[in-house]
Amino acid sequence: MKNDIHPDYHEITVEMTDGTTYKTRSTWGKEGDTLKLDIDPKSHPAWTGVHRLMDSGGQLAKFNKRFKGFGVKGE
């Protein structure tokens, strides 16, 4: 096996969206760094079952305007 080809594996702190933290080992960052999550199982719709549409730069509004009235007509 070749020497010095594997990334450094060290301990980091992971901070969840609610502020709770835990320590784990990772190749991300440097020893002692904190990885702050934007989405985690406590906030992601796949785990919470709550879906929100986020309008990023008006894209959702543009889509709704473009396809307004395109839906299937009811009986």
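Is Phe67 buried, partly exposed or exposed? Phe67 is partly exposed, with a relative accessible area of 34%; here buried means under 20% relative accessible area, exposed means over 50%, and partly exposed lies in between, with a 1.4 Å probe and protein chains only.

1. Basis of the note. This is a predicted model, in which local features need pLDDT of at least 70 and side-chain atom pairs count only at pLDDT 80 or more, while totals for chains, interfaces and linings use all residues. Residues are numbered from 1 along each chain as its sequence is written, and side-chain values use heavy atoms, with hydrogens and water left out.

2. Overall architecture. The chain contains two helices and three strands, arranged along the sequence in the pattern β-β-β-α-α. Helices (H or I, at least four residues) and strands (E, at least two) are DSSP runs, numbered from the N terminus. Of the 75 residues in the chain, 9% are buried. Among contacts between residues at least 6 apart in sequence, 8% join residues at least 24 apart, a contact being heavy atoms within 4.5 Å.

3. Strands 1 and 2. Strand 1 (residues 10–15) and strand 2 (residues 21–26) run antiparallel and are joined by six bridges; two strands pair if DSSP finds at least two bridges between them. Ile12 stands opposite Thr24 of strand 2, and Thr13 has Lys23 in strand 2 as its bridge partner. Five residues lie between the strands of this hairpin, where Gly19 takes a positive phi near 95°.

4. Strands 1 and 3. The pairing of strand 1 with strand 3 is parallel and extends over three bridges. Val14 has Leu35 as its bridge partner in strand 3.

5. Gly32. This residue belongs to the loop between strand 2 and strand 3. Gly32 is exposed, with a relative accessible area of 53%. Although Gly32 and Glu11 are 21 residues apart in sequence, their C-alpha atoms are 6.2 Å apart in space.

6. The salt bridge. Side chains of opposite charge can pair when their charged atoms come close. The structure holds one salt bridge, defined as a side-chain nitrogen of Lys or Arg within 4 Å of a carboxyl oxygen of Asp or Glu. Asp18 and Lys42 form this salt bridge, with the closest N and O atoms 3.1 Å apart. Because Asp18 lies in the loop between strand 1 and strand 2 and Lys42 in the loop between strand 3 and helix 1, the pair ties together parts that are 24 residues apart in sequence. Asp18 is partly exposed at a relative accessible area of 47%, and Lys42 also counts as partly exposed, at 47% relative accessibility.

7. Asp40. The loop between strand 3 (34–36) and helix 1 (45–48) contains Asp40. Asp40 is buried yet has no salt bridge, and the nearest side chain of opposite charge, Lys42, is 6.1 Å away. For charge, Lys and Arg count as positive and Asp and Glu as negative, while His and the chain ends are not counted. What does the side chain of Asp40 reach? It reaches the backbone nitrogen of Thr17 at 2.8 Å, and a polar atom of the Asp40 side chain lies 2.9 Å from the backbone nitrogen of Lys42. Apart from neighbours within four places in sequence, Asp40 is in contact with Met16, Thr17 and Trp47.

8. The aromatic pair. A pair of aromatic rings is described by the distance of the centres and the angle of the planes. The structure holds one aromatic pair. The ring centres of Phe63 and Phe67 are 4.8 Å apart and the planes stand at 45°, so the pair is tilted. Rings of Phe, Tyr and Trp (its six-membered ring) pair if their centres lie within 6.5 Å; planes under 30 degrees apart count as stacked, over 60 as edge-to-face and the rest as tilted. Phe63 is partly exposed, with a relative accessible area of 48%.

9. Asp4. In the segment before strand 1 lies Asp4. The phi of Asp4 is near 60°, a positive value in a residue other than glycine. Asp4 is exposed, with a relative accessible area of 80%.

Terms used
A polar contact is a pair of N or O atoms within 3.5 Å; within protein, one must be able to donate a hydrogen and the other to accept it, and residues adjacent in sequence count only if both atoms are side-chain atoms.
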